[in-house]
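Visitor: I would like to go through this entry term by term and hear the grounds for each label.
Guide: Then let us look at it and start.

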Amino acid sequence: MDNVIRRRTLGARLARWAVYAVLVGMALFYLLPLVVMLLTSVKPLEEIRAGSLLALPQAPTLAPWVKAWSEACTGMRCEGVGGYFWNSFRIVIPAVAISTFLGALNGYALTKWRFRGADLIFALMLFGCFIPFQVVLLPMARTLGWLGLSNSTAGLVLVHVVFGIAFTTLFFRNFYVAIPNELVSAAKLDGAGFFRIFWRILLPVSAPIFVVSVIWQFTQIWNDFLFGVAFSAFETQPVTVALNNMVNTSTGVKEYNVDMAAAMIAALPTLVVYVLAGKYFVRGLTAGSVKG
Amino acid sequence: MSTTSLARGVGTNAARRTPAARLQDWLPRLVVAPSFAVSLFFVYGFMIWTFILSLTNSRMLPQYDFVGFAQYARLMVNERWWVASTNLVIFGGLFVVICLVIGAGLAILLDQRIRQEGVLRTVYLYPMALSLIVTGVVWKWLLNPSLGIESMVRGWGFESFQFDWLVDSDMAIYTLVLAAVWQASGFVMALFLAGLRGIDDNILKAAQLDGASLPRVYWRVVMPCLRPVVFSAVMILSHIAIKSFDLVMALTGGGPGYATDLPATFMYAHAFTRAQIGLGSASAMLMLGAVLAILVPYLFSELRGRKHG
């Protein structure tokens, strides 16, 4: 006993300090880019050229944010990323709503009305989570052309719904499979129909998985770049594509503060979601962690 | 006929056999059908379609005069493809290993009854919420040779400090590793932490009572329990690595030259900007093959695990 206590007071205390030092050091590593991004975005260009990355701004200014929002050049046009920010919302909102709704119905039908082949159908759909999207890009471009949806917001919504269903179905299927069947069987005996059981029994307990699914889809679609760059025109670009164009535009003086402000603008929506609903974000990650 | 008379005999079941009731029986299938049809067409149909394109000599536009596996043969002698594939091995290997080490390390340290654990966890994981484009843009700024980390450290008095990987074609690939690890290692930490929390405390206590030191307990007792976590983390990370596209586009643009090309950027460049649809399709099929080679064993074990659970 005596020994144990002495060990605790000497070696263990040092070890404890070391543990905290490593943990805090790593936290600084993860925070560094965010801090630098923020600091740079409120410094005038002269300060950036003269001072170091982590120097606090001497004359903080919001001018880079204003410029990033409404004046900076993204490729051939110079209207800032503001319009593209709203483009992203125009893509994200319908795509998230439709894919989550379909996923909920699929998950429900596949678990509570187990028809023959339900498992096979689920396994085949699940595969959609795993494919590298490069393998669908070219046919998708042709198909969108045939549908008259090339370069349109509706086309991007369609793409995100089609490849989001696999994930939302996975979420809801795994959630509903854990809900006892007795309630549903009893309601069936009472003559309640498919939609009535969904509405009255499953939906009231589904809030957590809806949150998980909405957050996951929101983050995935907001952060998408590949589909955005392949299937959109100048007017319908999502903000990630506009940001990339802006940073890689090589005309005139490179305005790092404006770049960083634009990056912050593109990052804010998902960061806000993460801060507000981190728990559900993590759940989605670990449940649907098959996607990059 | 006999079914109707049988139904009438049972009474309550009679209602089930009306057309409306029969529709009810089919409703679940009808509800799933559109999504399933969409998956069949947009996933499986498109995979076959891309495969067919890879057998043609399509350039600007898809066309269907078949040349067999000539595009794959071209790929095998294409220097840029080999650079991209080699890069994927370097990038993927380092990315997976470093993420695992950092993730497991952080999780074990966080599991020592740490104060403010929630805050630390939040900090470690937030990069995962960012777009890889944002990550690329920020790291491009941090790694800027004249104004970024290099000049900052020089400003601290280390005049000869050099950190110009971004413009060094031999080192640029490692900037991708750095940024990708920054983005994803917190997520691996979360996976490991969930695994650690799932281990029965009594096992740990028993091992410690037997006189095993803490590192020994972790190495000999805890790590074997976490084998499934390691397994799925490797799957997920290698999957992320194969699909990596956004980060390359934002951080290096595949440069200097094509020194940091990955298969995903190779495919995009050839299919969409260099008018080599046939070659691009072939490279996409090889990417699919790589993903399948990694994921098929994983899927099987997952599905089997679910049935048992």
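Visitor: Why is B:Arg113 called exposed?
Guide: The model is a predicted one. B:Arg113 has 7 other C-beta atoms within 10 Å. A residue is exposed if that count is 12 or fewer, so B:Arg113 is exposed.

Visitor: What makes A:Asn151 partly exposed?
Guide: The limits are 20 or more neighbours for buried and 12 or fewer for exposed. A:Asn151 has 15 C-beta neighbours inside 10 Å, so it counts as partly exposed. A:Asn151 also has a positive phi, near 60 degrees, without being a glycine. Its place is the loop between α6 (134-146) and α7 (153-176) of chain A.

Visitor: Which residues of α6(A) are called buried?
Guide: Buried requires 20 or more other C-beta atoms within 10 Å. In α6(A) the buried residues include A:Gln134, A:Pro139, A:Met140 and A:Thr143. A:Met140 is also where α6(A) bends, by about 30 degrees. Just after this helix, A:Gly148 has a positive phi of about 75 degrees.

Visitor: How do you know that domain 1 and domain 2 of chain A touch, and how far apart are their C-alpha centres?
Guide: The assignment gives domain 1 as 2-61 and domain 2 as 82-287 of chain A. The C-alpha centres of these domains lie 35 Å apart. The contact involves seven residues from domain 1 of chain A and seven residues from domain 2 of chain A. A contact needs C-beta atoms within 7 Å. On the domain 1 side, α1(A) gives the most, four residues. By class, that side of domain 1 of chain A has four nonpolar residues, two polar and one charged.

Visitor: How many residues are in contact between chain B and chain A?
Guide: The contact joins 77 residues of chain B to 73 residues of chain A. Helix α2 (residues 19-54) of chain B provides the largest share of chain B's side, 17 residues. That side of chain B holds 60 nonpolar, 14 polar and three charged residues.

Visitor: What makes up the largest nonpolar core?
Guide: Membership requires a buried residue of a listed nonpolar type, joined through C-beta atoms within 7 Å. The largest such core has 182 residues, and A:Val81, A:Leu243, A:Ala262 and A:Ala263 have the most contacts inside it. Helix α8 (residues 172-197) of chain B gives the most to this core, 16 residues.

Visitor: Which residues does A:Leu243 touch?
Guide: Leaving out residues up to four places away in sequence, A:Leu243 touches A:Val81, A:Ala262, A:Ala263 and A:Ala266, as well as B:Ile133 and B:Val137.

How values were computed: Residues are numbered from 1 along each chain as its sequence is written. Chains are lettered from A and ligands numbered from 1 in the order in which they are written. This is a predicted model: local features need pLDDT of at least 70, side-chain atom pairs count only at pLDDT 80 or more; totals for chains, interfaces and linings use all residues. Two residues are in contact if their C-beta atoms, placed from the backbone, lie within 7 Å. Helices (H or I, at least four residues) and strands (E, at least two) are DSSP runs, numbered from the N terminus. Ala, Val, Leu, Ile, Met, Phe, Trp, Tyr, Cys and Pro count as nonpolar, Asp, Glu, Lys and Arg as charged, and the others, Gly among them, as polar. Domain bounds come from an automatic or database domain assignment. The bend at a residue is the angle between axes fitted to the seven residues ending there and the seven starting there.
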